[in-house]
Amino acid sequence: MRAAREKLTSSSGLERAFEYQLAHSYATNHSQAAIVVMALAAVVAGTATYWVPPSRVVGWFIVVACVIGLRHASVDRFLKSDGDTLNLDRWRRRFVMLDVMFACSWIPAIQVISGIEQGKNAFAFFVTLIVAAVTTMLSAPIPLAVYVG
């Protein structure tokens with residue numbers, strides 16, 4: 001009876017325990033990968049300084065670092081909270097918005113790199129593919145986060 005009630009009251013039609021496990025998996029993925037994603041951003045920023053003025057690259061890197069830090073703080077707060085009292089819909093929306101912010105923070109770098117006249121579009125394409133792949137792998141437990149990322 002309880003399982004049927006959970007499925008009916010669930011927004012996704014899944015049991016609450018399964019929804020919580022998916023959200024927990026998302027949070028764990030992003031918590032463990034925060035340093036690696038920050039390193040990826042640093043490598044892209046360092047490489048971009050060959051073609052773009054360093055002041056623009058540093059500004060972009062600060063924005064990306066802030067978004068990564070915000071996402072890391074949010075998922076850590078989720079992981080430390082009690083799973084029985086969480087509002088999973090609100091947390092899922094928060095995770096989706098964090099992925100939107102992360103994706104939007106990479107747009108200026110890709111636009112600047114691809115706008116260079118020296119034919120560096122291959123590097124911009126490479127950065128786009130890598131960021132999309134990282135976002136897809138880390139956000140896989142929440143499909144909407146994958147799509148917006």
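Predicted model: local features only at pLDDT ≥ 70, side-chain atom pairs only at ≥ 80, totals over all residues.
Residues are numbered from 1 along each chain as its sequence is written, and side-chain values use heavy atoms, with hydrogens and water left out.

Let me begin with Arg-71, which sits in helix α3, residues 54–80, where helices are DSSP runs of H or I with at least four residues, numbered from the N terminus. Arg-71 has a relative accessible area of 5% and is therefore buried, a term that means under 20%, with exposed meaning over 50% and partly exposed in between, for a 1.4 Å probe and protein chains only. Setting aside residues up to four places away in sequence, Arg-71 is in contact with Tyr-26, His-30, Val-37, Leu-98, Asp-99 and Phe-102, contact being heavy atoms within 4.5 Å.

Next comes Asn-29, which belongs to helix α2, residues 16–48, and which counts as partly exposed because its relative accessibility is 24%. Beyond its neighbours within four places in sequence, Asn-29 touches Met-137, Leu-138 and Pro-141. Of these, Met-137 is 108 residues from Asn-29 in sequence, yet their C-alpha atoms are 8.6 Å apart in space.

Finally, how many disulfides does a search of the whole structure find? The search finds 0, taking a disulfide as a pair of cysteine sulfur atoms within 2.5 Å. As for individual cysteines, Cys-66 counts as exposed because its relative accessibility is 52%, whereas Cys-104, at 43%, counts as partly exposed.

Note on methods. Helix = DSSP H or I, 4+ residues; strand = E, 2+ residues; numbered from the N terminus.
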